Amino acid sequence: MSKRFFDLKIDVYVPGRWYLAEPAHLNGQEVDDIWAFIQGKPVELRERLRIPLFKPGKPLDLEFAGAGQTPIVSARAAAVFRDMAASDVQLFPVEVEGQSEPYFLLNVARGIRCIDDAACEEARRWTPEDGRPDRVGQYHVVSGLRIDPSKTGDALVFRLWGYHPPIIVHETIKNALERTGIKGGRFDEV
């Protein structure tokens with residue numbers, strides 16, 4: 001099997017696209033930890049969340065909600081992740097403001113240590129001198145991201161150890177999402 005991987009990003013150039021706000025509980029209360037859904041770890045979610053609109057517009061199949069960048073996907077995008085990478089992700093039904101169609105919070109529940117520091121344009125880690133002892137060894141800056149596919153094992157979808165923002169997908173996931181005709185996603189090879 002090929003070992004090509006891609007960073008799944010939102011396509012901010014979709015004309016008239018919507019923007020989603022921070023996930024909240026159905027009663028309107030904020031979620032305690034808005035960063036929980038980008039850590040590359042399983043999460044426990046006991047109740048359905050509501051996703052308010054930050055800016056109304058054209059609904060997308062992929063959007064990152066609020067400052068915490070919580071991935072929200074349509075039913076057709078969720079089906080790809082569920083069918084092809086069920087052991088790598090968690091999908092939680094959510095209510096998106098103004099939408100009757102189903103949407104899901106996509107939690108990528110797997111983190112892998114595979115950034116290829118030498119192949120990246122720049123990869124700097126936090127040091128003790130930075131004054132953030134909780135972050136020492138993790139990545140402070142990564143540009144021109146490249147990973148070492150030999151360290152990914154059987155993963156098809158994952159986050160990066162020490163650098164959580166990117167959602168990395170195997171080319172089979174990319175191809176399946178493209179075949180469904182998803183709107184709002186783009187892929188950069190890593």
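Predicted model: local features only at pLDDT ≥ 70, side-chain atom pairs only at ≥ 80, totals over all residues.
Trainee: How many bridges join S10 to strand S13 (residues 157-160), and which way do the two run?

Mentor: Two bridges join them, and they run parallel. Strands pair when DSSP finds at least two bridges between them. Residues are numbered from 1 along each chain as its sequence is written, and side-chain values use heavy atoms, with hydrogens and water left out.

Trainee: Which sheet does S10 belong to, and what is its strand order?

Mentor: Follow S10-S13-S14-S1-S15, an open sheet of five strands with mixed pairing. At its edges are S10 (111-112) and S15 (185-189), each pairing on one side only.

Trainee: Which strands does helix H2 (residues 171-180) lie across?

Mentor: H2 lies across S1 (5-10), S13, S14 (163-170) and S15, at about 75° to S14. Axes here are lines fitted to C-alpha atoms, for helices over the stretch in contact (heavy atoms within 4.5 Å); angles run from 0 to 180 degrees between N-to-C directions.

Trainee: What is the order of the sheet with six strands?

Mentor: That open sheet reads S3-S4-S8-S9-S7-S6, again with mixed pairing. S3 (24-25) and S6 (62-65) stand at its edges with a single partner strand each, so one side of each has no neighbour in the sheet. S6 is joined to S7 (residues 70-74) by four bridges, and these two run antiparallel. Within this pair, Phe64 sits opposite Pro71 of S7.

Trainee: Which strands does helix H1 touch?

Mentor: H1 (residues 75-85) packs on this sheet and touches S7, S8 (89-96) and S9 (103-108), while its direction makes about 100° with that of S7.

Trainee: How many helices and strands are in the whole protein?

Mentor: The protein has two helices and 15 strands, counted as DSSP runs numbered from the N terminus (helices H or I, at least four residues; strands E, at least two). For overall dimensions, the C-alpha trace spans about 45 × 40 × 30 Å along its principal axes.
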